Amino acid sequence: MDALSFYLDKSDPGAWKAVGQLATAATGSARDAGLDDQLIELVNIRVSQINGCAYCLDVHLPRAEQAGVSSQRLGTVAAWREAEQLFSEEERAALDLAEAVTRLPDQESLHVSQIMAAAVLTDAQYSAVQWLAMTMNLTNRISILSHHPVKLRS
């Protein structure tokens, strides 16, 4: 076996299918909670940036564009705190919470992010953002461990 050519997702189709179902459920819950596709994709992109998952960025950047996220916002989402005027209060709360879920900082910092997000987001949105981030973290890790290539688009 060549470990660097091993596609983890292909090695266990049942587990991969379950991950896909989880991602679909998390996105559905986010929409049901009133989060729009722009915010959903901003969370997916920010988590993928933190994790350094080129494949997932390649998947979610076009989805964000299709959802109507401007190129300016896409270009600054990695530094959203410095460009906070480009992001709504809801988006900033979601991005901060998604970063905390991804990085798992010390308990005090995690609690601050959770308290701040809970003050802006509804209970359903608060839950949905965390599920989106956790699911994106999982898919990032699968793609990174599988060495999924990013193919040049024509």
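## Salt bridges in the model

The count of salt bridges comes to eight, each one a side-chain nitrogen of Lys or Arg within 4 Å of a carboxyl oxygen of Asp or Glu. You are looking at a predicted model, where local features need pLDDT of at least 70 and side-chain atom pairs count only at pLDDT 80 or more, while totals for chains, interfaces and linings use all residues. Residues are numbered from 1 along each chain as its sequence is written, and side-chain values use heavy atoms, with hydrogens and water left out.

One of the pairs is arginine 46 with glutamate 99, at 2.7 Å from N to O. Because arginine 46 sits in helix H3 and glutamate 99 in helix H6, this pair ties together parts that are 53 residues apart in sequence. Helices here are DSSP runs of H or I with at least four residues, numbered from the N terminus. Both arginine 46 and glutamate 99 are buried; buried means under 20% relative accessible area, exposed over 50%, and partly exposed in between (1.4 Å probe, protein chains only).

## Two further pairs and a network

Next comes arginine 153 with aspartate 58, whose closest N and O atoms are 2.7 Å apart. This pair links distant parts of the chain, since arginine 153 is in the segment after H8 and aspartate 58 is in helix H4, 95 residues apart. Arginine 153 counts as exposed because its relative accessibility is 52%, and aspartate 58, at 22%, counts as partly exposed.

Arginine 73 and glutamate 91 also meet in a salt bridge, at 2.8 Å from N to O. Here arginine 73 belongs to helix H5 and glutamate 91 to helix H6, 18 residues apart. Arginine 73 is buried, with a relative accessible area of 11%, and glutamate 91 counts as buried at 8%. Salt bridges that share partners also join Arg46, Arg81, Asp96, Glu99 and Arg103 into one network.

## Helix H3 and its surroundings

How many residues of H3 are buried? The helix is mostly covered, with 11 of its 15 residues buried. H3 covers residues 37–51 and reaches 21 Å from its first C-alpha to its last, close to the 21 Å expected at 1.5 Å a residue; the expected span is 1.5 Å times one less than the number of residues. Its buried residues pack against helices H2 (13–32), H4 (54–67), H5 (71–76), H6 (89–103) and H8 (123–146), where contact means heavy atoms within 4.5 Å.

Asparagine 44 is one of the buried residues of H3, with a relative accessible area of 5%. Not counting residues up to four places away in sequence, asparagine 44 touches His60, Leu132 and Met136. Its side chain makes a polar contact with the side chain of histidine 60 at 3.5 Å. Such a contact is a pair of N or O atoms within 3.5 Å; within protein, one must be able to donate a hydrogen and the other to accept it, and residues adjacent in sequence count only if both atoms are side-chain atoms.

## Helix ends

Just after H3, glycine 52 takes a positive phi of about 70 degrees.

Notes. Helix = DSSP H or I, 4+ residues; strand = E, 2+ residues; numbered from the N terminus.
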